[in-house]
Amino acid sequence: ALSPADFAAGAALISEYRQEFYDVLCLQNIDQELQELPQRYSLPHSHFFLLKEGETPVACAILKRFSADAVELKRMYIQSAARGKGYSKLLLQHAIQ
């Protein structure tokens, strides 16, 4: 994600993620994170990946770098209609390259 439109699409996906997994995420202050996506997850310290079917974003993942040898995969989410198509594997492979 580089543009404001990409970050807005990513925020929409993360909002869906929050709804689906609310019981797990309710203590993580995800609302503030959504408001700060570009500031928190932009290059060079983070990579925000969007996966699209045509022009429609259907999946996302964030790779946050802490040091040269430490990263965290955050907020990986595949919309339910897009599951079972290998997108998780594709996102993970892209993120670790």
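Student: Where is the place of proline 44?

Tutor: A word on the source comes before the answer. This is a predicted model, in which local features need pLDDT of at least 70 and side-chain atom pairs count only at pLDDT 80 or more, while totals for chains, interfaces and linings use all residues. Residues are numbered from 1 along each chain as its sequence is written, and side-chain values use heavy atoms, with hydrogens and water left out. Helices (H or I, at least four residues) and strands (E, at least two) are DSSP runs, numbered from the N terminus. Proline 44 lies in the loop between H4 and strand E1 (46-53).

Student: What kind of peptide bond joins leucine 43 and proline 44?

Tutor: The bond is cis, with omega at about 10 degrees.

Student: How are strands arranged into a sheet, and in what order do they stand here?

Tutor: Strands of a sheet pair through backbone hydrogen bonds, either parallel or antiparallel. Two strands count as paired if DSSP finds at least two bridges between them. Here three strands form an open sheet in the order E1-E2-E3, with antiparallel pairing. E1 and E3 are the edge strands, each pairing on one side only. From one strand to the next, the twist averages 15 degrees. Strand E2 (residues 56-67) pairs with E3 over seven bridges, and arginine 65 stands opposite valine 71 in E3.

Student: Which helix lies across the strands, and at what angle to E1 does it run?

Tutor: Axes are lines fitted to C-alpha atoms, for helices over the stretch in contact (heavy atoms within 4.5 Å). Angles run from 0 to 180 degrees between N-to-C directions. Helix H1 (residues 4-20) lies across E1, E2 and E3, at about 85 degrees to E1.

Student: Is serine 46 buried or exposed?

Tutor: Buried means under 20% relative accessible area, exposed over 50%, and partly exposed in between (1.4 Å probe, protein chains only). Serine 46, in strand E1, counts as buried because its relative accessibility is 2%. Beyond its neighbours within four places in sequence, serine 46 is in contact with residues including Arg40, Tyr41 and Leu63.
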